[in-house]
Amino acid sequence: MKKVFVKSYGCQANVYDAERMTDLLAGEGYRETNAMEDADLVILNTCHIREKAAEKVYSELGRVRDIKLVRAADGHDTKVIVAGCVAQAEGSEILRRAPQVDVVVGPQNYHRLPDLLQRSRARSVVDTEFPIEDKFDHLPKPTRAQIVSRGVSAFLTIQEGCDKFCTFCVVPYTRGTEMSRPVARLIDEATRLAEAGVRELSLIGQNVNAYHGEGPDGSVWSLSRLLRRLAEIPGIARLRYTTSHPRDMDDALILTHGDLPALMPSLHLPVQSGSDRILAAMNRQHTGDDYRRIIARIRQRQPGIAVSSDFIIGFPGETDADFDETLNLVSDIGFAFSFSFKYSPRPGTPAAERSDQVPEPVKAERLARLQKLLETQRVAYNQATVGQTLDVLIEKPGRLAGQMAGKSPYLQPVQFDSDSLTVGQIATVQIVRAGGGSLFGDLVKAGDRVAA
Ligand code: SAH
Ligand code: SF4
Ligand code: F3S
């Protein structure tokens with residue numbers, strides 16, 4: 001049997017796509033391997049969001065070339081595919097810089113992989129056209145064994161692409177225009193996942209709360225309506241969604257927080273900056289106070305909710321005063337955790353053309369200050385759970401023998417001693433200590449066991 005190795009970079013959309021690609025290739029006789037050296041087919045599923053992410057691909061392709069040569073000396077052929085957002089953005093430029101690549105395929109064209117592999121026997125091929133058909137309609141469903149091997153918490157892409165055109169961002173160009181998958185398909189896929197033991201669904205999209213899929217009755221469904229329907233599927237105990245845009249946090253979705261027990265108290269809502277001037281220049285279409293109001297309303301409904309965010313530091317024209325506004329917003333909100341990045345000028349985006357780029361050392365100094373504050377908040381958030389009793393969805397055995405590891409409703413990793421519980425159960429655990437990246441607790445009560 002042939003073997004395929006897939007390495008994904010970037011966001012969860014890529015993780016989900018990688019699973020769909022391996023499902024498709026299973027039908028072509030490929031089994032997944034974790035060792036690139038053993039692979040007959042190597043897929044790099046790339047990310048273009050920042051320069052560093054995009055450049056990683058080329059260093060990895062150097063490694064792939066070396067492995068390809070070693071394998072060729074042993075008489076083995078190795079096919080190399082570059083997929084994902086760098087493939088979409090750079091197309092044939094990749095073949096110029098890395099002739100060892102056989103196929104360059106954009107994120108919307110994965111259903112054509114068998115055909116592209118076939119065609120690449122003659123010479124390397126590039127497919128970055130945006131097709132009319134929806135790739136998901138043409139990708140095979142995972143088998144029960146594949147679902148089980150991926151664990152009790154699964155991603156489900158419900159929406160792709162973005163029409164918002166923030167002035168720093170490549171996603172509208174690499175993933176294309178916004179598209180929502182039809183409700184019936186999502187129910188079908190979620191049901192299959194649940195029947196194979198999945199307990200938690202994370203609904204994925206670049207702009208997931210802009211979801212507006214076609215319902216079974218032909219009407220348009222919002223994310224809140226979809227969440228309520230998915231919560232009815234037997235076995236599904238937890239729902240999350242990511243990544244959201246503040247502009248699309250509508251009343252119905254805010255009401256669903258606190259109203260739908262399966263909707264977990266965690267929200268990733270990127271704000272990028274606390275300065276209204278910078279937010280306008282980013283074309284975010286909301287102010288810092290709009291963001292504060294949204295969070296206040298959600299906290300009224302789910303008081304302890306873990307709010308997380310993304311920040312871009314050193315966007316063109318950002319002054320010390322703008323940066324202080326960002327620190328103020330962070331202090332006002334209190335985040336459970338966050339991701340923060342130095343602004344990276346991206347080809348083809350309006351902000352990259354601006355002449356008032358912020359010098360690298362200024363970006364670095366501001367980023368370090370922001371990250372210090374965010375880290376203090378993260379530690380405080382986790383510390384506040386000590387003494388609380390939390391439901392933990394068990395995902396895997398813990399680091400030590402006799403331990404189990406899972407997630408709290410607030411997305412925190414939790415470890416506790418138990419030799420009788422199994423993966424997929426939801427246990428009640430009293431938190432005794434917060435340390436490093438995890439919480440540690442004592443089992444209070446074994447949870448429900450769902451026949452899978
Ligand atoms: N759709 C989401 C974000 C998707 S990209 C949203 O609207 O917020 C994930 C994160 O990468 C962004 O939130 C942003 O913080 C960061 N990012 C995007 N483009 C960037 C750039 N050019 N430089 C630095 N960080 C960037
Ligand atoms: Fe990028 Fe903005 Fe779209 Fe998010 S909303 S994917 S940051 S363009
Ligand atoms: Fe990266 Fe593409 Fe996701 S650019 S963040 S992999 S949508």
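Student: In E20, which residue is the bridge partner of Leu-393?

Tutor: Strand E17 (residues 389-397) and strand E20 (residues 426-435) pair in the antiparallel sense over five bridges. Strands are DSSP runs of E with at least two residues, helices are runs of H or I with at least four, and both are numbered from the N terminus. Two strands pair if DSSP finds at least two bridges between them. In E20, Leu-393 has as its bridge partner Ile-426.

Student: What kind of model is this, and which pLDDT do local features need?

Tutor: Residues are numbered from 1 along each chain as its sequence is written, chains are lettered from A and ligands numbered from 1 in the order in which they are written, and side-chain values use heavy atoms, leaving out hydrogens and water. This is a predicted model: totals for chains, interfaces and linings use all residues, side-chain atom pairs count only at pLDDT 80 or more, and local features need pLDDT of at least 70.

Student: Which residue in the turn of the hairpin formed by E20 and E21 has a positive phi?

Tutor: E20 and strand E21 (residues 438-445) pair in the antiparallel sense over seven bridges. Thr-428 stands opposite Lys-445 in E21. Two residues lie between the strands of this hairpin, and the one in the turn with a positive phi, about 50 degrees, is Gly-436.

Student: How far apart do the C-alpha centres of domain 1 and domain 3 lie?

Tutor: The domain assignment of the protein gives domain 1 (2-127), domain 2 (135-383) and domain 3 (389-445). Such bounds come from an automatic or database domain assignment. Between the C-alpha centres of domain 1 and domain 3 the distance is 36 Å.

Student: Which residues touch the most other members of the largest nonpolar core?

Tutor: A nonpolar core is a set of buried Ala, Val, Leu, Ile, Met, Phe, Trp, Tyr and Cys residues joined through side-chain atoms within 4.5 Å. Buried means under 20% relative accessible area, exposed over 50%, and partly exposed in between (1.4 Å probe, protein chains only). Of the 72 residues in the largest core, those that touch the most other members are Leu-201, Leu-203 and Tyr-241.

Student: What is the angle between the planes of Phe-311 and Phe-335?

Tutor: Rings of Phe, Tyr and Trp (its six-membered ring) pair if their centres lie within 6.5 Å; planes under 30 degrees apart are stacked, over 60 edge-to-face, and the rest tilted. A search of the whole structure finds eight aromatic pairs. Phe-311 and Phe-335 form an edge-to-face pair at 5.6 Å centre to centre, with the planes at 85 degrees.

Student: Where does Phe-335 lie, and is it buried or exposed?

Tutor: Phe-311 is in strand E15 (residues 306-313), and the pair links distant parts of the chain, 24 residues apart. Phe-335 is in the loop between helix H14 (320-333) and strand E16 (337-342). Like Phe-311, Phe-335 is buried.

Student: Over the face of which ring does Arg-97 lie?

Tutor: A charge sits over a ring if NZ of Lys or CZ of Arg is within 6 Å of the ring centre and within 35 degrees of the ring normal. Arg-50 lies over the face of Phe-341, at 3.5 Å from the ring centre. For Arg-97, at 3.6 Å from the ring centre, the ring is Tyr-58.

Student: What is omega of the cis peptide bond that joins Thr-242 and Thr-243?

Tutor: Thr-243 lies in the loop between strand E13 (238-242) and helix H11 (251-256). For the cis bond from Thr-242 to Thr-243, omega is about 5 degrees.

Student: What is the phi of Gln-285?

Tutor: Gln-285 is in the loop between helix H12 (276-281) and helix H13 (288-301). At 39% relative accessibility, Gln-285 counts as partly exposed. Its phi is positive, in a residue other than glycine, and is near 65 degrees.

Student: What separates the C-alpha atoms of Phe-155 and Ile-204?

Tutor: Phe-155 lies in strand E7 (residues 153-157). Contact means heavy atoms within 4.5 Å. Phe-155 touches Gln-12, Val-15, Tyr-16, Ser-202 and Ile-204, not counting residues up to four places away in sequence. Phe-155 and Ile-204 are 49 residues apart along the chain, yet their C-alpha atoms are separated by 6.5 Å.
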